[in-house]
Amino acid sequence: MTDLVETVVENREMVQPNHANMLDVAHGGNVMKWMDEVGAMSAMRFSGEMCVTARVNQMNFERPIPVGDTAYITAYVYDAGSSSVKVRLIAERENLQTRERERTTESYFVYVAIDDDNTPTIVPELTVSTEEGERLRQEALADDLGRAD
């Protein structure tokens, strides 16, 4: 069994001009790609298996990430099925000079663990052993249910 806090993955991507649109802010497709990569790392850390993206829940781009800032992305597993892994993803823009951060995007991705034959495989049970882990899980479950199709 893997504990929720062990699945937390954080990463930064410096927004360069080649990542930007005509408004000199990160192109939404790049932000989504970065989120998907960090989410997959969290799912693989949890499952111990390769994971592929199965679903992306609603994704709203609330604020831009300007060229020169970093996209600070946090992911963690908050629920799991037999072979599926649910990951909450939060992207923030971060000014490295001031250390100011502001949430830009949030989404919930579902990954499927696969074996060497690319067939869905069983994942362990998610455990939550800390108050912080329980807080994160409850936040994700409440938000995910509120966004369900």
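How many aromatic pairs does the structure hold? The legend to View 1 gives the count. This is a predicted model, in which local features need pLDDT of at least 70, side-chain atom pairs count only at pLDDT 80 or more, and totals for chains, interfaces and linings use all residues. Residues are numbered from 1 along each chain as its sequence is written, and side-chain values use heavy atoms, with hydrogens and water left out.

**View 1. The aromatic pair of Y78 and Y108.** The structure holds two aromatic pairs. Rings of Phe, Tyr and Trp (its six-membered ring) pair if their centres lie within 6.5 Å; planes under 30 degrees apart count as stacked, over 60 as edge-to-face and the rest as tilted. Y78 and Y108 form an edge-to-face pair, with 5.6 Å centre to centre and 85° between the planes. Y78 sits in strand 5 and Y108 in strand 7, 30 residues apart, and the pair links distant parts of the chain. Helices (H or I, at least four residues) and strands (E, at least two) are DSSP runs, numbered from the N terminus. Y78 is buried at 1% relative accessibility. Y108 is buried too, with a relative accessible area of 2%. Buried means under 20% relative accessible area, exposed over 50%, partly exposed in between (1.4 Å probe, protein chains only).

**View 2. The largest nonpolar core.** A nonpolar core is a set of buried Ala, Val, Leu, Ile, Met, Phe, Trp, Tyr and Cys residues joined through side-chain atoms within 4.5 Å. The largest one has 33 residues. V31, M35, I73, V85, V87, L89 and Y111 touch the most other members. Helix 1 (28-47), strand 5 (70-80), strand 6, strand 7 and helix 2 (131-147) each supply at least two residues. Helix 1 gives the most, with seven residues. Beyond its neighbours within four places in sequence, M35 is in contact (heavy atoms within 4.5 Å) with residues including M59, I73, L89, F109 and Y111.

**View 3. N95 and its loop.** N95 lies in the loop between strand 6 (84-94) and strand 7 (101-114). N95 is buried, with a relative accessible area of 18%. The side chain of N95 reaches the backbone nitrogen of Q97 at 2.8 Å. A polar atom of the N95 side chain also lies 3.0 Å from the backbone nitrogen of T98. Leaving aside neighbours within four places in sequence, N95 is in contact with D69 and E100.

View 4. A salt bridge is a side-chain nitrogen of Lys or Arg within 4 Å of a carboxyl oxygen of Asp or Glu. The count comes to 16 salt bridges. R63 forms one with E102, the closest N and O atoms being 3.0 Å apart. R63 is in the loop between strand 4 (60-61) and strand 5, and E102 is in strand 7, 39 residues apart. R63 is partly exposed at 37% relative accessibility. E102 is partly exposed, with a relative accessible area of 29%. D69 forms a salt bridge with R93, with the closest N and O atoms 3.1 Å apart. D69 lies in the loop between strand 4 and strand 5 and R93 in strand 6, so this bridge ties together parts that are 24 residues apart in sequence. D69 is buried, with a relative accessible area of 9%. R93 is buried, with a relative accessible area of 9%.

View 5. The side chains of D79 and R137 meet in a salt bridge (3.5 Å, N to O). D79 lies in strand 5 and R137 in helix 2, so the pair ties together parts that are 58 residues apart in sequence. D79 is partly exposed at 22% relative accessibility. R137 is partly exposed at 22% relative accessibility. Salt bridges that share partners join R88, R103, E106, E132, R135, E139 and D143 into one network.

View 6. Phi of R99 is near 65°, a positive value in a residue other than glycine. R99 lies in the loop between strand 6 and strand 7. R99 is exposed at 71% relative accessibility. Phi of N118 is near 60°, again positive in a residue other than glycine. N118 lies in the loop between strand 7 and strand 8 (126-127). N118 is exposed, with a relative accessible area of 60%.

Definitions and conventions: Polar contact = N/O pair within 3.5 Å; in protein donor to acceptor, adjacent residues only side chain to side chain.
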